[in-house]
Amino acid sequence: MADNRQANGEMVQGTLDMLILRTLITGPAHGHTIAHVIEHTSENVLEVEQGSLYPALHRLEDRGWVNSYWGASENNRKARYYKLTAAGKKQLTAETNRWRQVVAAIGRVLGETAE
Amino acid sequence: MSLWRFFRRSKRDAELAHELDSHLAHEIDDNLARGMSPEEARRQAYLKLGNPLRIRDTVWETNRIAWLEDTWRDFRYAARTLAKTPGFTIVAVLVMALGIGANTAIYSFLDSLLLRSLPVSDPASLVVLNWHAKSSLLGDSVMQSMSGSTYDDSGQGSTAGIFPYPAFELFQHDGAQNNDAVFSDVFAYCHTREVRSMNVAINGQAEVASGELVSGNYFQGLAVQPAAGRLIIPDDDRTGAAAVAVVSHAFSEKHFGRAGTAAGQSILINNLSFVVVGVTPAEFFGVDPATVPEIYIPMHTNLLLGTGDTFGFRPADYLDNNYYWVEIMARLRPGVSLAQAQAAWAPRFQQWVATTASNDEQRANLPALALKQGATGLDTLRRKFSKPLYVLMTLVALILAIACSNVANLLLARAATRKREIALRMSVGAGRLRVIRQLLTESVLLASLGGALGVLMAVWGIRFLTLLLGGGQGNATVHADLNWHVLGVAAVLSIFTGVLFGLAPALQSTRFDLASTLKEIRSSQSRARDSSSRIRFARVGISGIGVSRIGVSQVLLVGQVALSLLMLVAAGLFVRTLSNLQSVELGFNRENLLLFKLNARQSGHRDPEITDFYAHLRDRLAAIPGVRDASLAEDSLINGENLLPISLPGLPTSPETRFITVGPDFMTTMQIPILAGRDIEARDHAGTQRVAVISERFARINFPGQNPLGRHVILWKRSDEKAIERDMEIVGVSKDARYGNLKREILPVVYLPYDQGFPQPNQMTYILRTSGDPLSYVNSVREEVRQADGRIAISDVRTQTGEISEHLHQEIMLADLCSAFAVLAVTIACVGLYGTMSYTVARRTGEIGIRMALGAQRGAVVRAVLGEVFVLVAVGLAISVPAALGTSRFVQSLLFGMKPNDPLALTVAVAILLGAALLAGYVPARRASRIDPMAALRHE
């Protein structure tokens, strides 16, 4: 558990932003849901450190990639929802492409050394 | 963007708090759903989220503007610290307020004098036309006759702004002749004798008003819109046009109520009918800040006004190439600079003026055109007040320097007591720069408080200065107010001085060995270190007292002493100058003399009955109970400035000789002793033998060792110096009396009766010797004049002593202000001395106690402290006395009756300073001597 967290749990700030944007592409969600979705979708490999989630959301809002509004959640509680903006969508595409490039490059390097 | 976020921080934080609560609520719900107990659900939820406060903190941080927050925190801390030591804060703020206030007040005058633009549109494109002649004007030149002012350019020739009318026409036809015209408008104005004080009658009520002759396109050139009616147009300014007038806003309000009702009214100017056609806007005052005309009339009306006046305008004057009287201003075309206009016009004017010369001597001394910028109007006021204002500016700057160094000293002393606090802060991690910033915030706060208080003081100061500079006269043309410009300067000054005097103490108090300072039980150990080598208390050197050896503190005190001495010397010089001027021998008795002006010609009287009118009026005035003697003259003696060719028959005229036309009993009324013969009397009038009374000096020069009585003196015709205008027999010799300004030497004067021929009387000044206060007779005088002729108004009512004060008002101003400033400077310096000495004594209480326990006498302690003060003052004097001797020649032109290195002024200044300093040091000295050794040791 500890090893897992060490290897996978530390997420670079930009990566978290990207994951959040991706999560929102299916529709608006509030902070709690976003955290759970990321964990579940990654099959608990990625543990979102919830403490850094909200600063990240605020950062995304300041940059205009998401909008926020107050609404009622599934549990009928008041919650703050976040919604992807058009600019955010563009940003997501750009970041996803860049990420894939990086992964491919790393893969090539690892692939070569493995041989 | 970040600034907006910064201000919304609290709101966002509140929202985030709710958000986090909601998140926790959801997580708890989930946990409960997973089957945990409520407490466990809560605990796990919190564990997963982390510390919500920390999250909020992180978000808060991203919206920080670090330096702004730090500055605000510094500011609040500084305010708290200053509030903890109210005594120090109050003294420091007061000192700074005096310094900044004085500077603000004087600067606001300089600003209004030098920088304030005319209230017209686009003043920057206006130029004033002047000419400059290299030689003095006494030789033969093209300027055959002049009406107006010329200025002596410190020995390098003369400058004036008056031109012949044909020259004005030359400039006016600029655009018509060629395509490269540089002026879009050229207009003229004139403020000569005829219009300076005009008799204006409205509905039978007569009064004296000041006027201005203006060319037809004057208002058009200045681009001024009327407040009511219309302004003068070119069609009004020609011979034969209907006589119209435009009045100022203030004049209209005074006489016609609202501006709108002035237009269409008919008024009498010098007994001639004029129709008011409009009113100028309220803020308009013409082009000369020194004069505020109340009535503007077209230039050509001076021909109407001049009829019947011996020296009045004639149509020939408009064609005369050599009579200089008209003043000209122009507006530059867009894109044309002053230099270009000067280059374009100087040769053209040169060419023109050469054609007006009639001989070679004149051709050698032609005036050269000089264009000056006109945005701030004519420089009459500037010429008059620039020098004194600059002197005052220097003095207040010195005061500010003294104030700053004073507060710096106080801060230094105070910093010494805060050593532990600063050391502590630096030891827990505050960088040196951070602490310095904190200390500077304190000093800037101090300076700003002082600045704010100073601005309030400046309001009062400006009012006072306006009164002083205006010489108590009614017109407020020299005035200033606190506009944004001046306030901005005050603010900048506050911040600058705050940093200035805070820097040295801040640097000083953060430079020391941290560890040892923290380990000190009190500051006694540091004292022990440097007092260990000094056992004998009787000889206390500078290095024993103070923050460090020859410390900043000492240097500042010495500087203050030096500056204070300079100001004391300046004050002494000006006070003595004033006293010299006030005790100048006048030759007549100045007490209880009432003077006022009257112009019967302006209200319609003509030769020859005008002389009868003046004579009868004199009789009536003499009959007023309380009036001991009455006479009249063309002007008061002090104002006299009359040159006409007078000499002995057969001899050439001397440029020194002056004359004045007077009425009967002139000498008696003025109480000028008659040395031989008699006074001018009522029996000397038109038709009797022409007589004259000469002054002692005239007699000595022209009749050395002889009896002048019965001899003749001739007044020659101006146009032909061989033809006799008046041939007079000398009937009396009077003692010398001051003629003209007070600073000149006594001139030879000839007194002629005003009613025995040329020059015919025009405006006359009546002189009444009263018993008791002259001004209490004004109403009776007005009544007598009104009964004699209701069309006449008297003007310039004053006492002789009042008139002299007016002449001296610049000297009075300098003397009063410099004395006030010097007292201020000495007070501040002494407060500084007192403060520093007190702190020093307080710091060294323990040591002094020990010494006294070891046997030092009280007297020795007092002497030692005073000796310290004395040494500081002595060093200050050593610096400033040579400086005073060296720089006093700069104010030479403002002094009278003494050399600048006046030993008396210097000695008195030194004595005052020494006395004040020793007084300031005495209290701390006595306090030191009263230290109870046992208490001091226990206090240790």
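Mentor: Happy to! Let's start with a definition: a helix here is a DSSP run of H or I with at least four residues, numbered from the N terminus. L918(B) has its place in such a run, helix α30 (residues 903-929) of chain B. Keep in mind that this is a predicted model.

Trainee: Why is L918(B) called partly exposed?
Mentor: Buried means under 20% relative accessible area and exposed means over 50%, with partly exposed in between. L918(B) has a relative accessible area of 33%, so it is partly exposed.

Trainee: What makes the nonpolar surface patch?
Mentor: Five residues are listed for it: F870(B), V871(B), V875(B), I879(B) and L918(B), with about 390 Å² of surface. Helix α29 (residues 858-887) of chain B gives the most, with four residues. A patch residue needs over 30% relative accessible area, and L918(B) has 33%, so its value passes that cut-off.

Trainee: Which residues is T770(B) in contact with, leaving aside neighbours within four places in sequence?
Mentor: They are N592(B), G626(B), V627(B), R628(B) and Y777(B). Contact means heavy atoms within 4.5 Å.

Trainee: What does the side chain of T770(B) reach at 3.0 Å?
Mentor: That is the backbone oxygen of G772(B). The limit for a polar contact is 3.5 Å, and 3.0 Å is within it.

Trainee: Are C190(B) and C818(B) buried or exposed?
Mentor: C190(B) has a relative accessible area of 0%, so it is buried. C818(B) has 1%, so it is buried too.

Trainee: How many disulfides does a search of the whole structure find?
Mentor: Zero, over all chains. A disulfide would need a pair of cysteine sulfur atoms within 2.5 Å.

Trainee: And what share of chain B is buried?
Mentor: Buried residues make up 52% of the 940 residues in chain B. The chain has 31 helices and 28 strands.

Notes
Residues are numbered from 1 along each chain as its sequence is written. Chains are lettered from A and ligands numbered from 1 in the order in which they are written. This is a predicted model: local features need pLDDT of at least 70, side-chain atom pairs count only at pLDDT 80 or more; totals for chains, interfaces and linings use all residues. Side-chain values use heavy atoms; hydrogens and water are left out. A polar contact is a pair of N or O atoms within 3.5 Å; within protein, one must be able to donate a hydrogen and the other to accept it, and residues adjacent in sequence count only if both atoms are side-chain atoms. Buried means under 20% relative accessible area, exposed over 50%, partly exposed in between (1.4 Å probe, protein chains only). Helices (H or I, at least four residues) and strands (E, at least two) are DSSP runs, numbered from the N terminus. Patches are made of residues with over 30% relative accessible area and no salt bridge: like charges are joined within 9 Å, nonpolar side chains (Val, Leu, Ile, Met, Phe, Trp, Tyr) within 5 Å. Accessible areas come from the Shrake-Rupley method with a 1.4 Å probe; for residues, only the protein chains shown count as cover. A salt bridge is a side-chain nitrogen of Lys or Arg within 4 Å of a carboxyl oxygen of Asp or Glu.
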